[in-house]
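I opened this notebook to keep track of what I looked up in one structure. The entries follow the order in which I looked.

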Amino acid sequence: MAESSEEVAVLVQRVVKDITNAFRRNPHIDEIGLIPCPEARYNRSPIVLVENKLGVESWCVKFLLPYVHNKLLLYRTRKQRLNKDELIDVTCTLLLLNPDFTTAWNVRKELILSGTLNPVKDLHLGKLALTKFPKSPETWIHRRWVLQQLIQEASLSSFVTKGNLGIVPAERTQRIIQEEMEVCGEAAGRYPSNYNAWSHRIWVLQHLAKLDIKILLDELSSTKQWASMHISDHSGFHYRQFLLKSLISQTAVDSSVLEQNSLRSKPKDEEATDSVEEPRVNLTHLLEKEVEFCTDLIDSYPGHETLWCHRRHVFYLQHRLSGRFPHSLTHLSPADCPGGTLNDLHLIPTSPQESQAMEVDGLNESSKQGYSQETKRLKRTPASDSLGLEMEHRFIDQVLSTCRNAEQARYANAYRRWLVTLSQ
């Protein structure tokens with residue numbers, strides 16, 4: 001075992017070089033980890049590369065981490081010179097062992113801005129660091145900074161190439177979005193209630209995907225299985241709540257634009273518009289499906305507060321939606337329309353017969369001639385919001401009559417009290 005400072009320096013320099021060579025031999029490394037090994041038993045490198053997995057024997061970390069840490073601090077205080085390749089190697093080694101060291105990320109920012117370092121490589125480095133430290137806040141912060149640089153680069157490319165080549169940055173953005181969703185999903189699976197990972201996923205939807213309706217629907221569908229396997233993960237269900245709220249707001253915006261365009265369109269354009277039926281999205285149906293999904297989880301996994309909180313939020317969205325669009329409820333079509341593009345899903349106003357309350361007492365004589373048994377049935381039916389409250393109380397009664405879990409009963413009673421305050 002090396003003991004003198006000179007021997008430690010030689011050892012650490014060799015390890016740093018071995019890490020660099022490992023990335024050169026296999027640029028597709030997708031996971032890092034520590035190999036429990038209290039001491040060096042063989043005269044070999046502590047860096048182990050098996051397939052796409054990079055392991056570091058734990059005995060060398062106590063020598064490696066302080067060395068690269070001090071080396072970088074000496075560089076920042078101008079007490080030691082390092083060339084660009086040395087900076088890249090030192091910061092890479094340091095961040096794989098301690099990704100929350102902000103100075104190392106700042107040095108790599110400078111290298112990216114100077115054109116020395118490819119920002120895509122930093123995305124890969126951050127992805128590797130997150131396999132060992134999935135909650136690292138500095139890694140997520142730096143990742144967003146790198147993505148902003150790529151967004152600016154893509155915008156500049158679109159501005160320069162105004163012709164058909166402008167589609168290339170859009171395709172690149174789609175690939176980046178998909179990769180970020182995968183990184184967030186892996187990090188969320190490695191650390192329970194990983195708020196940093198889910199917040200980053202929301203950021204990607206806002207700044208890269210621009211809250212595109214199709215992507216929001218895809219995310220709602222793709223995270224359903226994940227949520228059913230992580231029933232106590234508040235952050236994951238909060239993400240689904242964000243998706244639902246974004247769908248409501250975005251369909252409202254699209255409805256306004258669609259209505260303005262239809263008012264400005266000429267009669268000859270209407271025939272062309274009618275010939276192409278746009279896929280529609282039913283917000284009411286989406287929220288009902290989410291309530292059903294929550295019902296299944298509550299029945300299958302009693303006593304989880306996260307599920308009751310999620311149900312409360314979804315029902316609140318239903319409550320707000322019924323009053324937000326009194327004359328034009330949104331009808332969302334299924335999200336699996338195969339031919340839909342990113343801007344094909346619009347809010348479609350319903351007919352007045354569908355959106356307005358059915359009231360027959362004030363009808364004049366001519367209208368009463370069309371009075372039918374169906375109209376009588378509609379008149380006796382309570383408003384959708386009242387019907388929703390009745391169904392929720394019925395669900396609570398069913399839960400309380402069958403459950404044997406004390407926590408489940410407590411959450412059900414708390415939900416009932418909340419429903420009472422909501423209806424007042």
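This is a predicted model: local features need pLDDT of at least 70, side-chain atom pairs count only at pLDDT 80 or more; totals for chains, interfaces and linings use all residues.

**Entry 1. The largest cavity**

Helix α5, residues 119-132, and helix α7, residues 167-190, each supply at least two residues of its lining. I then asked which helix gives the most to the lining of the largest cavity. That is α7, with 4 residues.

The residues that line the largest cavity are K127, L130, T131, V183, E186, A187 and R190. I sorted this lining by residue class and got 3 nonpolar, 1 polar and 3 charged. The volume of the largest cavity comes to about 40 Å³. I also noted how many cavities of 30 Å³ or more a search of the whole structure finds: the count is 2.

**Entry 2. The second largest pocket**

Next I turned to the second largest pocket, whose volume is about 800 Å³. Its lining has 28 residues, and those closest to the centre of the pocket are F23, V120, K121, H124 and L125.

Which helices each supply at least two residues of this lining? I listed α1 (5-25), α3 (84-97), α5, α6 (137-160) and α7. Here α7 gives the most, with 7 residues. By class, the lining of the second largest pocket divides into 12 nonpolar, 4 polar and 12 charged residues.

**Entry 3. L128 in α5**

I stayed with α5 and picked out L128, which lies in that helix. Is L128 buried or exposed? I recorded L128 as buried, because its relative accessible area is 1%. I also checked L128 against L96, 32 residues away along the chain. The C-alpha atoms of L128 and L96 are separated by 7.4 Å.

**Entry 4. The sheet**

I moved on to the strands. Strands of a sheet pair through backbone hydrogen bonds, and the pairing can be parallel or antiparallel. In this model, 3 strands form an open sheet, ordered β1-β3-β2, and the pairing is mixed. The edge strands are β1, residues 31-35, and β2, each of which pairs on one side only. From one strand to the next, the twist averages 25°.

I then looked at one pair in detail. Strand β2 covers residues 47-50 and strand β3 covers residues 53-57, and the two pair in the antiparallel sense over 4 bridges. I looked up the bridge partner of L49 in β3 and found L54. The hairpin of β2 and β3 has 2 residues between the strands. In this hairpin, E51 takes a positive phi near 55°.

K210 has a positive phi of about 55° although K210 is not a glycine. K210 lies in the loop between α8, residues 195-207, and α9, residues 213-222. L211 also lies in the loop between α8 and α9. Phi of L211 is near 55°, again a positive value in a residue other than glycine.

**Entry 5. Cysteines**

How many disulfides does the structure hold? The count is 0. C37 is in no disulfide, and the nearest cysteine sulfur, in C60, is 9.0 Å away. C37 has a relative accessible area of 12% and is therefore buried.

I repeated the check for C294. The closest cysteine sulfur to that of C294 is in C309, at 9.6 Å, which is too far for a bond. The cut-off I used is a pair of sulfur atoms within 2.5 Å. C294 also counts as buried, because its relative accessibility is 2%.

Note on methods
Residues are numbered from 1 along each chain as its sequence is written. Side-chain values use heavy atoms; hydrogens and water are left out. On a 1 Å grid over the protein atoms alone, a cavity is a set of points where a 1.4 Å probe fits but cannot get out, and a pocket is an open set with protein on both sides within 12 Å along at least five of seven lines; lining residues have an atom within 4 Å of a point. Grid points are joined across faces, edges and corners, and a volume is the space filled by probe spheres set on the points. Ala, Val, Leu, Ile, Met, Phe, Trp, Tyr, Cys and Pro count as nonpolar, Asp, Glu, Lys and Arg as charged, and the others, Gly among them, as polar. Two strands pair if DSSP finds at least two bridges between them. Buried means under 20% relative accessible area, exposed over 50%, partly exposed in between (1.4 Å probe, protein chains only). Axes are lines fitted to C-alpha atoms, for helices over the stretch in contact, and angles run from 0 to 180 degrees between N-to-C directions.
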